[in-house]
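Biologist: Could you walk me through this one, beginning with the aromatic rings and then moving on to the pocket?

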Amino acid sequence: MRRLLPLLFFACSAALAQLPTLTLEQLPRPTMPPGERGPVVPAQVERWRLEAKALEYGDGVRRDEVAAAKLYCRAARYGDAEAQFSLGWMLTNARGIQRNDAEAAHLFAAAAEQGMEQAQNMLERMGGTPLGDPPPCLRPPETDLPVAVAALPPAARNAKPLSLWATLPLPQNAPPAIVNYVKLLAPEYQLAPALVLAVMATESNFDPLAESPKRAQGLMQLLPETATRFNVIRLRDPSQNIRGGMAYLRWLLAYFEGDVMLAVAAYNAGERAVDRYLGVPPYAETRLYVRKIMAATGGQRLHPFDAKVTGASPMLLRVKAAMQSLQAR
């Protein structure tokens with residue numbers, strides 16, 4: 001029997017040596033989920049995340065990491081910070097899917113920007129700010145693609161025709177004094193009162209003393225740095241606050257060439273975030289904010305703008321180049 005043991009050990013070793021090995025690169029890479037049809041509400045996003053978690057850990061269902069990653073991806077695109085963190089963790093640990101630290105860094109950054117401390121810790125361990133374009137799981141949903149500038153009628157580029165916007169109803173809870181003041185200033189800033197009041201309603205609900213945890217103040221919820229940028233000296237002064245907010249809105253509409261969705265997303269999250277994510281940033285707060293304003297303004301995606309205010313966003317130029325490339329094929 002003792003003589004047989006070395007022979008059995010040798011035979012088992014030879015058999016194991018012939019078995020194929022599985023490297024990290026051979027693990028599956030989940031494909032991008034198809035675009036959604038129709039509006040997606042927060043409850044649906046939460047369901048995707050919960051289903052993904054059950055599939056990742058085999059909680060009541062058969063464990064399937066690839067299916068979990070796809071659902072996390074869906075939820076991540078709509079701003080779910082937990083889904084962004086979970087997918088990033090799967091990518092850094094090769095949990096049933098191929099490892100990709102570059103994509104994971106972007107996912108951790110998006111979750112960290114929404115205040116998730118665990119994601120911030122992971123991002124710092126990975127070296128800080130991610131490089132390159134965001135991965136597909138953080139790109140805006142297909143319905144959020146920027147408006148092609150070529151599709152804008154020439155009249156929409158000079159900030160004069162606002163007749164369509166003039167037909168939109170104004171917020172019912174807007175104080176008459178504020179409505180009259182905005183209407184008085186609107187021509188000076190080349191803005192539709194309906195858009196200004198929709199932003200104001202969403203920002204402060206017309207409370208001149210409103211202040212956010214991020215130090216945004218007043219009716220238009222201006223940050224101190226934004227106030228300085230647009231020459232607002234007294235943030236608490238309703239008149240100066242409204243003027244500063246309207247100046248910023250006018251600038252954003254010029255920067256995004258009349259695209260209302262991108263302009264209001266930038267008003268909430270900053271134009272750099274919109275540029276970096278190539279559209280509405282994957283933050284739950286920003287997506288809800290944009291949805292509220294778009295609903296309040298009848299879904300109007302285009303607003304006249306004055307190209308003399310500022311140059312176009314580099315992100316829009318990239319989008320135009322990509323569209324021209326597709327048309328040339």
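Modeller: Bearing in mind that this is a predicted model, the structure holds seven aromatic pairs.

Biologist: How are the rings of Trp48 and Tyr78 arranged, and why is the pair called that?

Modeller: Their centres lie 5.9 Å apart and their planes meet at 50 degrees, so the pair counts as tilted. Trp48 belongs to helix 2 (residues 42–57), whereas Tyr78 sits in the loop between helix 3 (65–77) and helix 4 (81–93), so the pair ties together parts that are 30 residues apart in sequence.

Biologist: Is Trp48 buried or exposed? And Tyr78, buried or exposed?

Modeller: Trp48 is buried at 7% relative accessibility, and Tyr78 is buried too, with a relative accessible area of 13%.

Biologist: What about Tyr277 and Tyr283?

Modeller: The ring centres of Tyr277 and Tyr283 are 5.9 Å apart with the planes at 80 degrees, so that pair is edge-to-face. Tyr277 is buried at 0% relative accessibility, and Tyr283 is buried with a relative accessible area of 10%.

Biologist: Which charged end sits over the ring of Trp48?

Modeller: That of Arg74, 5.8 Å from the ring centre; likewise, the charged end of Arg229 sits over the ring of Trp251, 4.5 Å from its centre.

Biologist: Switching to the largest pocket, what volume does it have, and which residues lie nearest its centre?

Modeller: Its volume is about 920 Å³, and of the 32 residues lining it, Lys214, Leu223, Tyr267, Asn268 and Ala269 lie nearest the centre. Tyr267 also forms one aromatic cluster with Phe230 and Tyr248.

Biologist: Which helix gives the largest share of the lining?

Modeller: Helix 14, with five residues; by class, the lining of the largest pocket has twelve nonpolar, nine polar and eleven charged residues.

Conventions: Residues are numbered from 1 along each chain as its sequence is written. This is a predicted model: local features need pLDDT of at least 70, side-chain atom pairs count only at pLDDT 80 or more; totals for chains, interfaces and linings use all residues. Side-chain values use heavy atoms; hydrogens and water are left out. On a 1 Å grid over the protein atoms alone, a cavity is a set of points where a 1.4 Å probe fits but cannot get out, and a pocket is an open set with protein on both sides within 12 Å along at least five of seven lines; lining residues have an atom within 4 Å of a point. Grid points are joined across faces, edges and corners, and a volume is the space filled by probe spheres set on the points. Helices (H or I, at least four residues) and strands (E, at least two) are DSSP runs, numbered from the N terminus. Ala, Val, Leu, Ile, Met, Phe, Trp, Tyr, Cys and Pro count as nonpolar, Asp, Glu, Lys and Arg as charged, and the others, Gly among them, as polar. Rings of Phe, Tyr and Trp (its six-membered ring) pair if their centres lie within 6.5 Å; planes under 30 degrees apart count as stacked, over 60 as edge-to-face and the rest as tilted. Buried means under 20% relative accessible area, exposed over 50%, partly exposed in between (1.4 Å probe, protein chains only). A charge sits over a ring if NZ of Lys or CZ of Arg is within 6 Å of the ring centre and within 35 degrees of the ring normal.
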